[in-house]
Amino acid sequence: MIATLVVALAAQQPQQQPPAAPLRDSTPPEAYYGVTEWREARAKLEPLMDRSARGFTVYIIGDMEGLAAAVRNATEMRPPTRGGGQDHERFRVELTDETNALIAGAREAGATQFVVNDGHGGTLFRNTLPDRLDPEAILIRGYPKPIVMSTGLNPQLDAIFIVGAHANAGTPGIISHSFAFDSFTVNGRMLNEAGIAAFHGGELGVPLALASGDHVLTAETRAMLGPIEVVTTKLAMSRSAGAGFSPAHVHAELRAAAARAVRRVQSGELKPLRLAKPYQVRFCMRRSYDPWFVGQVRALQGLRQDGGERCFAYTSQSAEEIGDLLNRIEWIVLKP
Amino acid sequence: MRLILLLCFPMVLASQTVTVPTPPKLPPPTGFRVMIVPDMEGMGSAVDIHEVIAGNEGEQYRTLTSDDYWNRFRGLLTQEVNAVIVGARSAGAGSFVVNEGHGGNLFANVLPWDLDTAAILVRGFPKPLIMITGIDSSVGTLIFTGAHASAGMPGILSHNFAFDAFTVNGTKLNEVGINALIASEYGVAVSMVSGDDVLIRETREILGPDFVGVTTKYAVGRMAAITFSPARVRRMLEDSGQVAVARARRSAFKPYRLSKPYRVEFTLRRSYPETIVQGVDSLRWRGLEKTGDRAYRLTTSDARQMGYLLDAIERVVLH
């Protein structure tokens, strides 16, 4: 009785406790289905590919920062339910329309099948509108998914396009970044997100043939991969401002570039990116991440500390394994 | 926690006063009757919980919705059901009953104004034999769309009613299997099931290879999938609906049978708060034995009794 009274009184006192540490989920990536199962994803997608003699399958990665007119991360890149704004819905339409423009152009040049992989984390990889996308396309959506920006990549594909791409971390491009990194290199070669997809596809014999985004992205991707097709959607004025071409104009450019890209792959002019094995990977985690994230990354298997607290080295014979590692890191920083 | 308990008890007491429901009979069929049970997790394109939850289903669901997605997927759901009806009609079906099988918005997901006008739509909650309300021997064949794999399976939004495990006579049943068993009491067989690749594989292990399976997507995570366009999924549903009904009219499918009496064993989800377990205990359901912390057993010779128990448990959970 007295104990109850004491408890009741205590409950009326304002609590004088230090603010609680943020709740953080240190579930290992293997414990959550969909993070590490890249072999399974590839095995499920590969049998769906068009293997007929004239079959030509284009794998399109859809990101959003490089879309026509997009400039502002806070309102345009994520929906209100994930801390963003109403304009995101408008840019979902733009993403879908730009993807459709690529499909239309590639089809004109003889491409027969299209796999679209939603590659933007704003809505946890559910940005492309399923009912607005070309109805013949296969759409990979949702999160977590294995090797998030190149889920299911396989040797039956003929070309990779990336739409709405953004420039690398540390550059003056619009909303520039690269996964969770301040820098990422393979064999000393700096790669942006488009470059990482090209590296992954290259090992499977699939070239990255087209990239669209702001002028920083298109210039840097050509510098990394050679003279692939590019569409410059806008000129970056700062990380959150740009001079943009009309979306309608961009759609026409994308359509024409996609047709050229397919023809250049068919003629053997655009080749897969091949790097020497074993691959020597080096990366530094973003300075903006606090030590908890870096600690979680440090605990991943096979990483060596290299050149600073947040920098690591990794050696592998497989681009897919490297993709899996990146995905585990993405899971650490993206999971709620 | 205490507050939840207090709110919980009047509801539990109220549900005890409800007798086993005897629903009014649906009008007699005007032709071969098809009952369609649309769920949402296995429908085309859907991968995330925010796409299939309205947010009004109970406290734990309030933040699991996203209006832009929810509304879009209701529309797509309705079009999927329409596609099945078009296919079934072209195979000679003349009567359609659509029974909401998804708990989102408390079993009111299909848009009544956009649904094929020939259909009778059973919607709302609670309703008896929740996923196959209105079933009787006037139903010619049973079709499940948008179904999902059972709890613990590597499928999109996999779960099984309120359970981590559910078996009858030791056979693991998913939601389709549970409802197929109830339907067999009326001599009704399942002719078609749509959902992700994991659901289709799992359901074949339960019901056998005969039913027409439509793989709407391939799971690459619990909330990520390789998907086809809504238009392509509708085409598949229409084609398969036609094949399934044509075969059903030739009595090609057999009702799902297990030997009687049924030994029904289940475990409530470990993720539920203790109040849910207390709520189920407070049902004092006749014949329900508690065999473990969250484990129960019911032995019955009528699968409908199992269905009514599921109704009561859903009412404890969805408040």
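**Figure 1. Crossing of helix 3 and helix 7 in chain B of the predicted model.** Helix 3 of chain B passes helix 7 of chain B in a left-handed crossing. The two elements span residues 175–184 and residues 303–317 of chain B, respectively, and their axes come within 8 Å, crossing at roughly 135°. Helix 3 of chain B is therefore oblique to helix 7 of chain B.

**Figure 2. Residues at the contact of helix 3 with helix 7 in chain B.** On the side of helix 3 of chain B, the contact is made by Leu181(B), Ile182(B) and Ser184(B). Helix 7 of chain B contributes Ala303(B), Arg304(B), Met306(B) and Gly307(B).

**Figure 3. The side of domain 1 that touches domain 2 in chain A.** In chain A, 21 residues of domain 1 are in contact with 22 residues of domain 2. Two or more residues on the domain 1 side are given by each of strand 5 (181–186) and helix 5 (193–203) of chain A. Strand 5 of chain A gives the most to this side, with six residues. The residues of domain 1 of chain A that form this side comprise 12 nonpolar, seven polar and two charged.

Terms used. Residues are numbered from 1 along each chain as its sequence is written. Chains are lettered from A and ligands numbered from 1 in the order in which they are written. This is a predicted model: local features need pLDDT of at least 70, side-chain atom pairs count only at pLDDT 80 or more; totals for chains, interfaces and linings use all residues. Two residues are in contact if their C-beta atoms, placed from the backbone, lie within 7 Å. Helices (H or I, at least four residues) and strands (E, at least two) are DSSP runs, numbered from the N terminus. Ala, Val, Leu, Ile, Met, Phe, Trp, Tyr, Cys and Pro count as nonpolar, Asp, Glu, Lys and Arg as charged, and the others, Gly among them, as polar. Axes are lines fitted to C-alpha atoms, for helices over the stretch in contact, and angles run from 0 to 180 degrees between N-to-C directions. Angles under 35 degrees count as roughly parallel, over 145 as roughly antiparallel, 65 to 115 as roughly perpendicular and the rest as oblique. A crossing is left-handed if the near helix is turned anticlockwise from the far one by less than a right angle, and right-handed if clockwise.
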